[in-house]
Amino acid sequence: MNLGGSIRINKCGLLILFTALFFLTYYVLIGSPNPSELVTRDPNSVNLRKLLIGAIQAAEKGGVEVVTVSKSADFHVKSKGKTAEGANNPVTEADFKSHCVMQFGLHHIFPRLRIISEEDSSKMVCPDVKLFDLDPTVLRETLTIPDETVDIDDVTVWIDPLDATQEYTEHLFEYVTTMVCVAIKGKPTIGVIHNPFTQKTTWAWAGVASSEDLHRVKKEDVSDRVTVIVSRSHTGEAKNFSRGVFGENMQILIAAGAGYKVLQIISGNATAYLHTTAIKKWDICAGDAILRAVDGKMTNLFNEELSYGPNEPVLNAKGLLAAFRNNHEKYIERIIDYKTNKV
């Protein structure tokens, strides 16, 4: 027996061994990759969980631009003309900057996404756009959201870079929101409403998940209390219509911003949001999606649900009623009766 022989170490074998041990240790300590992040990137489909994250980020990043411009001495206010009510329809530097961040940020992540914005990208230049990547931390850690994919051609995203621009120029910031809505085959499915000045973001994916504030929503039982919230831009007409429908004992709240008004229904400050004239769909799509998630309903004044597909008219010309479902059924009957008898 030869006990005095030398042991020869294979350096290549040691390298392989230490490399394998390193990756094994990394796997044990760090853990395996999240399966949800391994979803195949098919250009013809979109992952709705990731689109939800992107929508929240877009609204919040747009809000940063809105707040930044609000601190400047000059908002660079221009006019897009008159509204149907004859009021001035302003646009500011904040509208443009928010739009650029929101639209180009979403297209950076989802290049084939069809986006309809209040501001027309073909008429503006967006230099030095602050793009963003997906950040899952915008969702609560306790949330478990499925990876659901849909055909990208079925998806239309509506964005409002700055809702309540007139009030923004008047420094009435409580009414100001940025909004994103994801419609699937025309149906509002994901809605995000963000107030840049309070930093509060309300969002919902109907039937799947929602922001924490929506878990505390209390839908009151059907009662005789009627509190209607209407727009500052056509208060007189809406007041007369509301009193004609609901009588003199009802209460009227005057506010601005479609997103703000929907949130007043959800918070219980109003029982209905009534709009008697035309309104653009980027103003209402996000609110429509959120209302659906809390058993609410939004229709025109003929009780027709709104469609948000890419080939649908941008303008809803038949007015608007939004309320929790039990109230909506009662209110729309009274509205239709009133209009029928008035004719």
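Trainee: How many bridges join strand β11 to β13, and do they run parallel or antiparallel?

Mentor: Bear in mind that this is a predicted model. Reading a sheet goes strand by strand, bridge by bridge. Here β11 (residues 227-231) and β13 run parallel, joined by two bridges.

Trainee: In which sense do β13 and β17 pair?

Mentor: Antiparallel, over three bridges, with β17 spanning residues 320-324. Start from Tyr273: its bridge partner in β17 is Ala322.

Trainee: Tyr273 keeps coming up. Which residues have the most contacts inside the largest nonpolar core?

Mentor: General idea to begin with: in soluble globular proteins, nonpolar side chains tend to be buried together. In this model the largest such core has 35 residues, and Tyr273 is among those with the most contacts inside it, along with Ile266, Ile284, Met298 and Tyr308. Elements giving two or more residues are β7, α6, α7 and β17, and α7 gives the most, with seven. Domain 1 (45-212) and domain 2 (227-341) each supply at least three residues.

Trainee: What is Ile266 in contact with, leaving aside its neighbours within four places in sequence?

Mentor: Leu214, Val217, Ile290, Leu291, Val294 and Phe324. Apart from this core lies another, of 32 residues, including Val46, Leu113, Val150 and Ile184.

Terms used: Residues are numbered from 1 along each chain as its sequence is written. This is a predicted model: local features need pLDDT of at least 70, side-chain atom pairs count only at pLDDT 80 or more; totals for chains, interfaces and linings use all residues. Side-chain values use heavy atoms; hydrogens and water are left out. Two strands pair if DSSP finds at least two bridges between them. Helices (H or I, at least four residues) and strands (E, at least two) are DSSP runs, numbered from the N terminus. A nonpolar core is a set of buried Ala, Val, Leu, Ile, Met, Phe, Trp, Tyr and Cys residues joined through side-chain atoms within 4.5 Å. Buried means under 20% relative accessible area, exposed over 50%, partly exposed in between (1.4 Å probe, protein chains only). Domain bounds come from an automatic or database domain assignment. Contact means heavy atoms within 4.5 Å.
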